[in-house]
Amino acid sequence: MAHTDTEQPPALRTRSVVGLAVCLVTALAGIFVIPTLEGRAGFGPTFWGMAAMELLAMVGVAYFVLNLHEEPT
Amino acid sequence: MDPIALQAGYDLLGDGRPETLWLGIGTILMLIGTFYFIARGWGVTDKEAREYYAITILVPGIASAAYLAMFFGIGVTEVELVSGEVLDIYYARYADWLFTTPLLLLDLALLAKVDRVTIGTLIGVDALMIVTGLIGALSHTPLARYSWWLFSTIAFLFVLYYLLTSLRSAAAERSEDVQSTFNTLTALVAVLWTAYPILWIVGTEGAGVVGLGVETLAFMVLDVTAKVGFGFVLLRSRAILGETEAPEPSAGADAQAAD
């Protein structure tokens, strides 16, 4: 809903903002950390670990964006 | 730069990978897109616009990280085919797509205001499309590679079908701004995303008609257009404002969307 100057902007849900930040870190870790461990873990676990982390991060972003604001009371 | 270098790229890191030129350019363009969207969205108070900004900033943001990783040779592996040929596969590219393509679809689903079951189905089929494409890229026999490519392409056709039927009919119930933006973005997605399986099949992962340098350049152009171009069209539109209290068309309306 559009906001006008006389209204307070809708309040962000803190849990969702934190969740988005965690998802961002998870997605970055999936790209940088997991492939870096390839030498130790082997390719299979690296590949599936990366895919799982990106999927998890994407689902998290979708969930937290859909629940970004506090419900009006 | 000689013509061959123009075709294949330029080895910026001196590690024998001429495609690093395109990966470096991709990183910079995605970063520019990310910071442009952050600057544009700074201080936005409209509830719905915030949701679009959150998604649309994260898409090129993660893509820039994936491009940077590939630039430095992270997320690349060698796949030996049964013929003995060895392919360099940038599987970090698929990590990027696994995260970003469902979120681009989420933007379209939010525009069309479809229910969460439809959103979940669309995202699930899209993820299946990416994962099967990746399995194909990592397979060792031509039969397996092309079979997984076909599977992935069929999943893509399902995504396209959803966009052009369920989402389009839902968007048709909304304002003219939303319909116009939705149709533009759907056309963009349909054209650009169709190019990916074609590039896969003619590139090194498929028939090998084009080399890794040209393939990387083409993927970079497609990625930047499909993510930054998509975000640019979406975030400039008044369609991202809440429908109920969206102002009448005026010169100031676009500025409100931007601010």
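Trainee: Which residues of chain B form a nonpolar patch on the surface?

Mentor: Patches join residues with over 30% relative accessible area and no salt bridge, like charges within 9 Å and nonpolar side chains (Val, Leu, Ile, Met, Phe, Trp, Tyr) within 5 Å. In this predicted model, B:Tyr10, B:Leu12, B:Leu13, B:Leu68 and B:Phe72 form such a patch, with about 470 Å² of accessible area together, as given by the Shrake-Rupley method with a 1.4 Å probe, where only the protein chains shown count as cover for residues. Local features need pLDDT of at least 70, side-chain atom pairs count only at pLDDT 80 or more, and totals for chains, interfaces and linings use all residues; side-chain values use heavy atoms, without hydrogens and water, while residues are numbered from 1 along each chain and chains are lettered from A in the order written.

Trainee: How are two packed helices described?

Mentor: They are described by the angle between their axes and the distance between the axes. Here the axes of α3 (residues 43-66) of chain A and α4 (residues 92-112) of chain B come within 9 Å and cross at roughly 20 degrees, which makes the two helices roughly parallel, a word used for angles under 35 degrees.

Trainee: Which residue forms a salt bridge with B:Lys227?

Mentor: A salt bridge is a side-chain nitrogen of Lys or Arg within 4 Å of a carboxyl oxygen of Asp or Glu. B:Lys227 pairs with B:Asp96, their closest N and O atoms being 3.9 Å apart, and this pair links helix α8 to helix α4 of chain B, 131 residues apart. B:Lys227 is buried at 2%, where buried means under 20% relative accessible area.

How values were computed
Axes fitted to C-alpha atoms, helices over the stretch in contact; angles between N-to-C directions. Helix = DSSP H or I, 4+ residues; strand = E, 2+ residues; numbered from the N terminus. Parallel < 35°, antiparallel > 145°, perpendicular 65-115°, else oblique. Buried < 20%, exposed > 50% of the residue type's maximum accessible area, 1.4 Å probe, protein only.
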